[in-house]
Amino acid sequence: MHRVIPIFIPEKACPYRCIYCNQFAIAGQQHVPSIAEAKQAIDQHLATIPAEAEKRIAFFGGSFTGMPIDEQTEYLAMVQPYLQAGVVSGIQLSTRPDYISQEILDNLKRLGVTLIELGAQSLDDEILKRSGRGHTVQQVREAARLITGNGFQLGLQMMIGLPGDTKEKALHTAKLIQEFGASCTRIYPTLVVEDTVLAKQYRTGKYQPLTLEQAVDWTKDLYRFFTEQGITILRVGLHPSEGLLSGKDYLAGPFHVSFKELVLTALWHDKIAEAVHGHDGEEVVIDVPAHEINYAVGYGSANKKAFPSVKLKMER
């Protein structure tokens, strides 16, 4: 059992405003926690997590290594007693590819960071430029080389459906994520949220987001690829913050509270379709791991309805 204790530091140190970004809306949080508040949050999480679970503290939401190194050290120093007592096994953080250097990595290693996630978003230079990311594919490649070369685990996050994106480009990004040495990834469909450049482009007809069906189809193939490559998928779809759920911040795009379930339903649809091929009208029994039975049945029993002659047998 593995649990992550998240500390959100929204837009901390980030000098760019990507065209899709209103991170306060996406993260559902605007306040930057003080050291004392971060420690309180950790203690509250620890009180609810079983003692035997492996636990990691994670700094999300901003460009952690873009902060002055003294400020990075202050946050990380607060975590040291938990590490030294064996209460948590490590620290992970998210940052930008252009905020990685040998000096920064030396400091992170000294203070117990084990996993560094880079918000790559795409590994196509034209898409990065149109999205206002402020970095290049080569900078991601170089940052990845430094991170893995210094013994850290590497995570590379990606987004689908950014301006200029295609399914083929998304799959190419996935292949480069594997090539760059990532052990884990996250897949986020691009949403149009209020107070962004993308919202203006959407309203003037210059940008059209993926439909939900397209996003599920693209992500299904990405999920299959990463799984086959042994790359852990940490998250599929944005966390449903209050602003997204209420519609206050959400304007358009493939948002669904059960997006991952839709993707896994689609994956199982493909598996079942392959199993029944050539067995028209016959009953087909398919063994399903217990932890995947809900996905095999499908969201809203979609697969069960689509394949009435199939019997799903749960493995025990």
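This is a predicted model: local features need pLDDT of at least 70, side-chain atom pairs count only at pLDDT 80 or more; totals for chains, interfaces and linings use all residues.
K200 is exposed, with a relative accessible area of 63%. This residue belongs to helix α8, which covers residues 197-203.

E117 sits in strand β4, made up of residues 113-121. Leaving aside residues up to four places away in sequence, E117 touches F60, Q92, L93, S94, T95, G155, Q157, R186 and L234. With one of these residues, R186, there is also a polar contact: the side chains of E117 and R186 are joined at 2.6 Å.

The salt bridges come next. Across the whole structure, a search finds 12 of them. One is formed by K167 and D221, whose closest N and O atoms are 2.7 Å apart. K167 lies in helix α7 (residues 167-179) and D221 in helix α9 (residues 212-228), so this pair ties together parts of the chain that are 54 residues apart in sequence. D221 itself is buried, at a relative accessible area of 17%; the limit for that class is under 20%.

The side chains of D217 and K220 meet at 3.5 Å, N to O. Because D217 and K220 are 3 residues apart in helix α9, about one helical turn separates them.

The closest N and O atoms of K220 and D270 are 3.0 Å apart, and the two residues form a salt bridge. This pair links distant parts of the chain, since K220 is in helix α9 and D270 is in helix α11 (residues 259-276), 50 residues apart. D270 counts as partly exposed, with 26% relative accessibility. Taken together, salt bridges that share partners join K167, D217, K220, D221, R224 and D270 into one network.

The cysteines remain. A disulfide is a covalent bond between the sulfur atoms of two cysteines. How many disulfides does a search of the whole structure find? The search finds 0. Why do C21 and C184 form none? For a disulfide, the two sulfur atoms must lie within 2.5 Å. The cysteine sulfur closest to that of C21 belongs to C18 and is 6.0 Å away, which is too far for a bond. For C184 the closest cysteine sulfur is again in C18, at 20 Å, and this too is too far for a bond. Both residues are shielded: C21 counts as buried at 14% relative accessibility, and C184 is buried with a relative accessible area of 4%.

Key
Residues are numbered from 1 along each chain as its sequence is written. Side-chain values use heavy atoms; hydrogens and water are left out. A salt bridge is a side-chain nitrogen of Lys or Arg within 4 Å of a carboxyl oxygen of Asp or Glu. Helices (H or I, at least four residues) and strands (E, at least two) are DSSP runs, numbered from the N terminus. Buried means under 20% relative accessible area, exposed over 50%, partly exposed in between (1.4 Å probe, protein chains only). A polar contact is a pair of N or O atoms within 3.5 Å; within protein, one must be able to donate a hydrogen and the other to accept it, and residues adjacent in sequence count only if both atoms are side-chain atoms. Contact means heavy atoms within 4.5 Å.
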